[in-house]
Amino acid sequence: MVLTVHQDDNHILEALKAGAKGYMLKRSKPHQIIEAIRDIFNGGAAISSEIAIKLLNLLPELKSLPTDASLGISKREKEILEYLAKGNTYDEIASKLFISINTLKSHVYRIYTKLNVDNRTEAINKYFGK
C-alpha cells in the first residue's frame, strides 16, 4: 500500500502499475488507514475516495492508451520487457525464461522493431509510458 502526500495522476498510476494494492493519502484519518491495511491483508484493495474520483476521471484517457495487441507485443515480449525494466542482463533473462541468448536477442530485436526504438531504455520508456 502506498501512503503518500502525492495525488497527481502520474504517481497514482505508477504505484498501481507497480503492484500497489492500495493508495491512501497521509491526511486520511487514522481509522481509515487502519481499515485500508486490514482490507489489503484480507485480499482486498484500498483507495482514498479522492484518489478513486481521480481514477474514475482518468478512465476515458486510459481507454485510448495503446494496448499490447495494438503495439503487436506478444506475451513473451512483454515478459522480456518487464525483465529489462528490472535491470536484468540478457544472460539472466535467458536463464529465467529457459531460452538461448540468440532466441532472446531475436525477441529483443522484434520488440525494438515493433516499438520503433533503438535501445533498452527507449523500449522501456515507450512501452511503459515513462
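**Figure 1. Glu79 and Arg76 both belong to helix 5 (residues 75–85) and stand 3 residues apart, about one turn of the helix.** Helices (H or I, at least four residues) and strands (E, at least two) are DSSP runs, numbered from the N terminus. The model is predicted: local features need pLDDT of at least 70, side-chain atom pairs count only at pLDDT 80 or more, and totals for chains, interfaces and linings use all residues. Residues are numbered from 1 along each chain as its sequence is written, and side-chain values use heavy atoms, with hydrogens and water left out. Between Glu79 and Arg76 there is a salt bridge, with the closest N and O atoms 3.4 Å apart; the term denotes a side-chain nitrogen of Lys or Arg within 4 Å of a carboxyl oxygen of Asp or Glu. Glu79 is partly exposed at a relative accessible area of 28%, and Arg76 is partly exposed at 29%. Here buried means under 20% relative accessible area, exposed over 50%, and partly exposed in between (1.4 Å probe, protein chains only). A search of the whole structure finds 5 salt bridges.

**Figure 2. Glu77, Arg110 and Lys114 are joined by salt bridges.** The side chain of Glu77 meets that of Lys114 in a salt bridge of 2.8 Å, N to O. This pair links distant parts of the chain, Glu77 in helix 5 and Lys114 in helix 7, 37 residues apart. Salt bridges that share partners join Glu77, Arg110 and Lys114 into one network. Glu77 also forms a salt bridge with Arg110 (3.7 Å, N to O). Because Glu77 lies in helix 5 and Arg110 in helix 7 (residues 101–115), the pair ties together parts that are 33 residues apart in sequence. Glu77 is buried, at a relative accessible area of 2%, whereas Arg110 is partly exposed at 37% and Lys114 is partly exposed at 35%.

**Figure 3. Met1, Leu3 and Ile37 make a nonpolar surface patch of about 260 Å².** Patches consist of residues with over 30% relative accessible area and no salt bridge; like charges are joined within 9 Å and nonpolar side chains (Val, Leu, Ile, Met, Phe, Trp, Tyr) within 5 Å. Accessible areas come from the Shrake-Rupley method with a 1.4 Å probe, and for residues only the protein chains shown count as cover. Ile37 is placed in helix 2 (residues 30–41) and counts as partly exposed, with 47% relative accessibility.

**Figure 4. Strand 1 (residues 2–4) and strand 2 run parallel as a pair, over 3 bridges.** Strands are taken to pair if DSSP finds at least two bridges between them. Val2 has Tyr23 of strand 2 as its bridge partner. From strand 1 the chain passes through helix 1 (residues 9–17) to strand 2 in a right-handed β-α-β crossover. Right-handed means that, with the strands pointing away from the viewer, the path from the first strand over the helix to the second runs clockwise. In strand 2 (residues 22–25), Gly22 and Met24 point one way and Tyr23 and Leu25 the other way, and all are buried.

**Figure 5. Strand 2 and strand 3 (residues 46–47) pair in the parallel sense, over 2 bridges.** Gly22 stands opposite Ala46 of strand 3. The chain reaches strand 3 from strand 2 through helix 2, and this β-α-β crossover is left-handed.
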